[in-house]
Amino acid sequence: MAESLVREVSGIITDRLDTEGAAFVAFPGGRSPVRAFEFLAPRASGWRGVTIIPTDDRLVPPRDRLSNYGLLERYFAAGQAQLIPLARPPFDDPAAAADAAELRLSDLAWPLDLVWLGFGLDGHVASLLPGPDLSVAMRYPDWRRVAGVRPVPLPAEAPVPRVTLTLSAILSAKRLLISGCGRDKLEVVKRALDEGAESQMPLGIVLAKAKCQPDLFWSR
Ligand SMILES: O=C1O[C@H](COP(=O)(O)O)[C@@H](O)[C@H](O)[C@H]1O
């Protein structure tokens, strides 16, 4: 899966660099992209003109093990791509953090050329989480690119507020790759596809409503 992802991601980026001289992409955090990042990092050394943002982040400093931006820095900071964080201090106010990120990213060439998403067993993508937070994140107007999220309850594995690309920023991406590992996640994908746009899971909504045809990557 990692090798296929690397081929696809580098192909998309090379194509954009060849045709436009620039590429604007969002990469996921969490555990599942790590193997692909390992393979991708050497190719990224020549990515001049590429801007990488995280699809979402936990409101923690980059050195924190929960930081998705920290993960990107570990693999891509040595190359020529420009990395831009979503999360910046102060970390206790997700709405303010989202407003600040919105401003910081406003001059970039939206829509994103590529959004690569991971997903959770609860069907969350980026930090669009099912439950009460989803309606908060969904309430952001279409022109907004970044939303603040204070998960209720706070997930045990990352008990902190978050910032995330909005649903509209994800749906409008020119290419959408979705990756996940394990049989449980395959079941989540099947359910999301069955439920479609009516799904309570953000994954189902994204699969049903994306402007482009999403490409799914899965491995055991
Ligand atoms: O919380 C998050 O979870 C998803 C999935 O993570 P994984 O560890 O199951 O791969 C991830 O895509 C997202 O960026 C992250 O913030």
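Predicted model: local features only at pLDDT ≥ 70, side-chain atom pairs only at ≥ 80, totals over all residues.
Residues are numbered from 1 along each chain as its sequence is written, and side-chain values use heavy atoms, with hydrogens and water left out.

Student: Why is the pair of tryptophan 47 and phenylalanine 76 called stacked?
Tutor: Rings of Phe, Tyr and Trp (its six-membered ring) pair if their centres lie within 6.5 Å; planes under 30 degrees apart count as stacked, over 60 as edge-to-face and the rest as tilted. Here the centres are 6.2 Å apart and the planes stand at 15 degrees, so the pair is stacked. Trp47 and Phe76 also belong to one aromatic cluster with Phe27, Phe37, Tyr75 and Trp116.

Student: What makes serine 168 count as buried?
Tutor: Buried means under 20% relative accessible area, exposed over 50%, partly exposed in between (1.4 Å probe, protein chains only). Serine 168 has 18% relative accessibility, so the residue counts as buried. Tryptophan 47 and phenylalanine 76 are both buried as well.

Student: What does serine 168 touch, not counting residues up to four places away in sequence?
Tutor: Serine 168 touches Pro141, Asp142 and Arg144, where contact means heavy atoms within 4.5 Å.

Student: Where does lysine 185 lie relative to phenylalanine 119?
Tutor: Lysine 185 lies over the face of phenylalanine 119, at 5.3 Å from the ring centre. A charge sits over a ring if NZ of Lys or CZ of Arg is within 6 Å of the ring centre and within 35 degrees of the ring normal.
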